[in-house]
Amino acid sequence: MDYSLQNHASYIGRPVSELPTPSLILSKPVLERNTQILLDDVKRLGITFRPHVKTLKCTEVTRMMLGDGEHRQIVASTISEIRGALDLVKEGKLDECLYGLPISASALPHLQDLTKSLKIILMIDSEQQIDLLDSFASKSSSTVAWPVFIKIDVGSKRAGMVNDSPSLPKLIQRIESSSSASVHGFYCHAGHSYACRTEDAATAVLQTEVEGVVSAARFLVGGKSERKIVVSVGSTPTAHVVRRLQGVLPEGMELELHAGNYPANDLQQVATSLVEPTQQAVRILADVCSIYPERNEALINAGTVALSKETSEFPGYAVVTDRPQWSVVRMAQEHGILGWADSNQTSRFVEKVGSKSSEGEKIESAFTVGDKVLLYIQHACITAAMHFAYYVVDGDDIVRETWIPWKGW
Ligand SMILES: Cc1ncc(COP(=O)(O)O)c(C=O)c1O
């Protein structure tokens, strides 16, 4: 059994330096600032908002992302996340969830069960999924059509149909004539926006997202009725520039923004240059266990399963927060190796937040066995998924709350 999962509450009121290691620290002031920025942006634009809960997967952050019930719909990537979010349905703050993976046969019975508690929307990107829904409906004698988003691939080549595929109008036709599904809207997720390095580049991807879903939605013109079609766009980098959105949507379409990583941020987001290093809410605490002056390295007790193997333009797998020239340069399952790994990105980081280190520093001057180090991580979604309890700190790094994420699938 994970030690933090059993003992987390006993650390409330204590400083970060006293926590067990490795452990995940969440800064509540940073989380609150990050979520409020996006809530303000969508309010100013007058568009709807659907946070993705997959990054920090817990009631407290989801409630914060929803603006405490100001927005009432989420995207989830696992059934476990939807089950976890049912607490917010009970609180009267959540009505609707999009299951964000293209629908699978195994998920359907669970989702059907969840429709007793909230409205479930499915993601569709293949005609064969309508066969699946038809067959499920005939077996379960269900007569209710599932509301569906049709997933459009705007360049990330993960899920979705490209707009110029002849299969897209066929799929729309098929749904229009099916009794087991009805079109709720069109959805895209520009995962490739993580490669953007400027506001202009992210704005261009955001524009591509909007054009992608709007032109797909045009296939419905002249369709069944006067209903409103939702066009849903977003990813954290494009959400970070959503305030730059311009233009008017064709009549009958409602614009929705979705995003998930933005409350946390991480080195991948800092690498886009759309957020500052100080906007990262997640850090990992680890112990320095050994020092190797001959190779100018140290060993810490946070390895692959505490940090993840994600990378970015920042060197290594994690960066020491107050000495960003030192990063985790190699890892084994439970070991991380700290090494000197300066880069252009690190210099930008040092300019913004400073560093206790200077060029040519020796490992034995920087760290001593028994030290605790705090690390910024590359990709919060993956790192957070490996921790069983989050230690939530105030601006002085004192633990004020502990939150338990929804694990598994
Ligand atoms: C379908 C879908 N929507 C939204 C998101 C949220 O993206 P981000 O974390 O970049 O905000 C993801 C993330 O993977 C996703 O898969």
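This tour goes from the domains to the ligand and its contacts. The model is predicted: local features need pLDDT of at least 70, side-chain atom pairs count only at pLDDT 80 or more, and totals for chains, interfaces and linings use all residues. Residues are numbered from 1 along each chain as its sequence is written, and side-chain values use heavy atoms, with hydrogens and water left out.

Colour the two domains. Select 3-24 + 268-403 for domain 1 and 29-266 for domain 2; the bounds come from an automatic or database domain assignment. Their C-alpha centres lie 33 Å apart. The contact (heavy atoms within 4.5 Å) takes 25 residues from domain 1 and 28 residues from domain 2.

Now centre on the ligand. Show the 14 residues around the ligand (a heavy atom within 4 Å). Arg-158, Tyr-187, Tyr-194, Thr-236 and Gly-260 come nearest.

Next, draw the polar contacts (pairs of N or O atoms within 3.5 Å). Start at Arg-158: a side-chain N or O atom is 2.7 Å from a ligand oxygen. Move to Gly-260, where a backbone N or O atom lies 2.6 Å from an oxygen of the ligand. Then pick Asn-261; a polar backbone atom there is 3.1 Å from a ligand oxygen.

On its own, the ligand has 390 Å² of accessible area (Shrake-Rupley method, 1.4 Å probe), and the protein covers 93% of that.

Terms used. Polar contact = N/O pair within 3.5 Å; in protein donor to acceptor, adjacent residues only side chain to side chain.
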